[in-house]
Amino acid sequence: MRGFRWPPPPDGGPRTWGPGPGAPRTGRPALPEPETELVTTPHDVRLERLVTGTGDPVTVFAHGLGNGIATTRPFGSAVTGRKIFFQFRGHGRSDSPPGPWSYLDLARDLRAIADLGGATRAFGASLGAGALCRLLVESPERFERLVFFLPAVLDTPRGEVARARLTDLLDAVADGDASALADVVSLELPPAVRNTPAGWAYLRQRLDQLLRDGLAPGLASLPEQAPLRDAAVLAGVTAPALVIGCAGDDLHPVAVAEQLAAALPQATLHVYDRPGVLWTERADLRERISTFLNG
């Protein structure tokens, strides 16, 4: 990003070069963080949870590595019924039991939150999609509807680019280096949103949360792991599933989304033509997810 620096400009606005306006002042940051609660799970790991909405159906939302409740809430903005958001171990205020951890550990976290809340539907983003796949190996009939957003890995560990990005994120958080962390987090934003007020607001919120809560060392080995030994084990999952991928996303290759959709008997695949869909295709993504889960 040209001229990127941290801390941001005092007025929070973009810095421009030459004549004309700067980058578009569009896009939205993650929703503000509401007050959450800590719940004790049957496997004795306390997890941070937020429950919104009322009635049925009940949907559980699982976030990606280094993300959490705030960045996952937009996916449920138009979903009816009760919505359960939580933080995996090592994120936010959730416990960090001795590591290293595996996708089986994450699947236990997800299952516990789903069971405690009576969830019948599940949404998993990136790391959360992997944890959801791992849960389905043991309980293929656990959920009535499934959404996988930007699955990153199935039965083959992540590629070198993805591992390097995630390692840089964990290292920057561990060092408490706001500038290095901002460099890594800024890659989550489409170029047109960087150096705009919305982009700076997103960076501020993400950095505040990550530097406040940190990320546990037990997460460090996850980028080198895969949730499944063979994607074919998902053949027993009969629930309708929506798999969403994006072309050009280094952390979430389209090939993984295609492989997952092929492995699930009742899956529908949708691929966006560019990454950053929470910023560039927010309305379409919101409608697509809610239409599927509200059905």
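Predicted model: local features only at pLDDT ≥ 70, side-chain atom pairs only at ≥ 80, totals over all residues.
Student: Which residue caps the N-terminal end of α5?
Tutor: The cap is made by a side-chain oxygen that lies 3.1 Å from the backbone nitrogen of Ser-179. A polar contact is a pair of N or O atoms within 3.5 Å. The residue that supplies the oxygen is Asp-177.

Student: Is Val-173 buried or exposed?
Tutor: Because its relative accessibility is 9%, Val-173 counts as buried.

Student: How many Å apart are Val-173 and Leu-207, C-alpha to C-alpha?
Tutor: In sequence, 34 residues separate Val-173 and Leu-207. In space, the C-alpha to C-alpha distance between them is 9.0 Å.

Student: Where does Asn-195 lie, and is it buried or exposed?
Tutor: Asn-195 is placed in the loop between α5 and α6. Its phi is near 60 degrees, a positive value in a residue other than glycine. Most residues other than glycine have a negative phi. With a relative accessibility of 10%, Asn-195 counts as buried.

Student: Is Asp-44 buried or exposed?
Tutor: Asp-44 is in the loop between β1 (37-40) and β2. Phi of Asp-44 is also positive, near 65 degrees, in a residue other than glycine. Its relative accessible area is 65%, so Asp-44 is exposed.

Student: Which residue is joined to Pro-57 by a cis peptide bond?
Tutor: Pro-57 lies in the loop between β2 (46-52) and β3 (58-62). Most peptide bonds are trans. The cis bond at Pro-57 has an omega of about 0 degrees, and its other residue is Asp-56.

Student: Where is Pro-100, whose peptide bond from Gly-99 is cis?
Tutor: Omega of the bond from Gly-99 to Pro-100 is near 0 degrees. Pro-100 is in contact with Asp-105, a residue of helix α2 (residues 103-117). The place of Pro-100 is in the loop between β4 (82-86) and α2.

Student: Which backbone nitrogen lies 2.9 Å from a polar atom of the side chain of Asp-105?
Tutor: Asp-105 counts as buried because its relative accessibility is 15%. Beyond its neighbours within four places in sequence, Asp-105 is in contact with Arg-89 and Pro-100. The backbone nitrogen at 2.9 Å belongs to Ser-102.

Student: Why is strand β6 (residues 145-149) described as largely enclosed?
Tutor: The strand pairs with β5 (residues 121-125) in the parallel sense over five bridges. β6 is also part of what covers the buried residues of α7. The strand is largely enclosed by the rest of the structure because the number of its five residues that are buried is four.

Student: Which residue of β6 is the bridge partner of Ala-122?
Tutor: β5 and β6 pair in the parallel sense. In β6, the partner of Ala-122 is Leu-146.

Student: What covers the buried residues of helix α7 (residues 254-263)?
Tutor: Those buried residues are Val-254, Val-256, Ala-257, Leu-260, Ala-261 and Ala-263. Their cover includes α3, β6, β7 (241-246) and β8 (267-272).

Student: Which element gives the largest share of the lining of the second largest pocket?
Tutor: This pocket has a volume of about 200 Å³. The elements that give two or more residues to its lining are α2 and α3 (127-138). The largest share is three residues, and it comes from α3.

Student: How many charged residues are in the lining of the second largest pocket?
Tutor: The lining has 13 residues, and Arg-134, Val-137, Pro-227, Leu-228 and Arg-229 lie nearest the centre. By class, seven are nonpolar and two are polar, while the charged residues number four.

Student: What percentage of the residues of the protein chain count as buried?
Tutor: The chain has nine helices and eight strands. Among contacts between residues at least 6 apart in sequence, 76% join residues at least 24 apart. Of the 295 residues, the share that count as buried is 52%.

Conventions: Residues numbered from 1 in each chain as written. Heavy atoms only, no water. Buried < 20%, exposed > 50% of the residue type's maximum accessible area, 1.4 Å probe, protein only. Polar contact = N/O pair within 3.5 Å; in protein donor to acceptor, adjacent residues only side chain to side chain. Contact = heavy atoms within 4.5 Å. 1 Å grid on protein atoms, 1.4 Å probe; cavity = no way out; pocket = protein on both sides within 12 Å on 5 of 7 lines; lining within 4 Å. Points joined across faces, edges and corners; volume = space filled by probe spheres on them. Nonpolar A, V, L, I, M, F, W, Y, C, P; charged D, E, K, R; others polar. Pairing = 2+ DSSP bridges.
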